Amino acid sequence: MTLNIGCLNLTKEILKSNSKYNFNTSIFEIHNECFPENNHVQQTHIDTIINMCTNQFSKLLINKDNKELIGYILILVGGRYTEDGYSSIADEKYCILFNIGIKKEYQNKKIGFTYLKKVMDEIRFYNFNTQLIVREDNLRAQRVYKKLNFIQERVIENHFQNININGLVYTNNNNRM
Ligand SMILES: CC(C)(COP(=O)(O)OP(=O)(O)OC[C@H]1O[C@@H](n2cnc3c(N)ncnc32)[C@H](O)[C@@H]1OP(=O)(O)O)[C@@H](O)C(=O)NCCC(=O)NCCS
C-alpha cells in the first residue's frame, strides 16, 4: 500500500497543545523509540532543542491517512559544532542537523532520504553549510547522509560516552565563504 505522507514545517504554532494538529505520538516518544540509549534524557531538554529548531527547515512528517506523527527532522540555523561536539557556536554560514528520527515501523522505506533531501535542497537554496554528528556504528544513517553529499570531516573519539562509541562529524559544504 502506498503511504500518504505529509510534511509540515516545525512552527511554534504546531507545538502548542491546542494546535489543530492533535498528533497521538510526540516527537519525544519517537526520539525515545529511535534512541533507546538516550532514554535518560529529560523531556524538558528535548523540548528545549525542539523549540530552538522551530524554523522553515525543520519538519514534522505525518501519515495523512491516520494523522499519525511518523518522524521529525530538526535543524538549527546559524550555528556549527564546537571542536568537542558537545555544543554549538553561532556561525551564520552554518546549519546543524540536530536530529532526524523516523518511527520504527516506517524506517527503511526511503522516507528519511526523501524528506532529508527536500530539507537539504531548501538549505542549499540559502547557501548554508550543514553539519551533523553521527554514531560511528550507525551505518544506515551514514548511507543516507553520503547519498546527500555529506562528507566525513573528523572523528570525535568516544563522543557517545555512555555507550563508548565515536562520533563522526559530517559536513555538507555549500562553499559559503
Ligand atoms: C536513519 C534514518 C533517519 C534513515 O531513514 P530511513 O527512512 O529509515 O532510511 P531510507 O530508507 O531513506 O534509507 C536507508 C538506506 O540505508 C541503507 N541501509 C539500511 N540498513 C543499513 C545498514 N545496516 N548498513 C548500511 N546501509 C543500510 C538502505 O539500504 C538505504 O539505502 P539505499 O536506499 O541506497 O538502499 C531512520 O532509519 C531512523 O530514524 N533511524 C533511527 C534514528 C537515527 O539513527 N537517526 C540518525 C541519527 S544521526
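Strand β2 (residues 55-63) pairs with β3 in the antiparallel sense over 5 bridges. Here two strands pair if DSSP finds at least two bridges between them, and strands (E, at least two residues) and helices (H or I, at least four residues) are DSSP runs, numbered from the N terminus. The model is predicted: local features need pLDDT of at least 70, side-chain atom pairs count only at pLDDT 80 or more, and totals for chains, interfaces and linings use all residues. Residues are numbered from 1 along each chain as its sequence is written.

**The sheet**

The hairpin of β3 and β4 has 6 residues between the strands, with Gly85 at a positive phi near 75 degrees. The two hairpins are set out below.

| Hairpin | Residues between the strands | Residue with positive phi | Phi |
|---|---|---|---|
| β3 and β4 | 6 residues | Gly85 | near 75 degrees |

These strands belong to an open sheet of 7 strands in the order β1-β2-β3-β4-β5-β7-β6, with mixed pairing. The edges are held by β1 (5-10) and β6 (151-160); each has a single partner strand, so one side of each is left without a neighbour in the sheet. From one strand to the next, the twist averages 25 degrees. Angles run from 0 to 180 degrees between N-to-C directions, and axes are lines fitted to C-alpha atoms, for helices over the stretch in contact. Helix α2 (residues 27-34) lies across β3 and β4 and runs at about 85 degrees to β3. Two residues are in contact if their C-beta atoms, placed from the backbone, lie within 7 Å.

**The whole chain**

The protein has 5 helices and 7 strands, which follow the pattern β-α-α-α-β-β-β-α-β-α-β-β along the sequence. The C-alpha atoms fill a box of roughly 40 × 35 × 35 Å, taken along the principal axes. Among contacts with a separation of 6 or more, 60% are between residues 24 or more positions apart. Of the 177 residues, 28% count as buried. A residue is buried if 20 or more other C-beta atoms lie within 10 Å of its own, exposed if 12 or fewer, and partly exposed in between, with C-beta atoms placed from the backbone.

**Glu105**

Glu105 is found in the loop between β4 and α4. Glu105 is exposed, because 10 other C-beta atoms lie within 10 Å. Glu105 and Ile70 are 35 residues apart in sequence and 8.8 Å apart in space, C-alpha to C-alpha.

**Around the ligand**

There are 18 residues around the ligand, of which Cys34, Gln107, Gly112, Phe113 and Leu139 come nearest. A residue is near a molecule if its C-beta atom, placed from the backbone, lies within 6 Å of it. The elements that give two or more residues to this shell are β4 (88-102), α4 (111-125) and α5 (139-147). The largest share, 5 residues, comes from α5.
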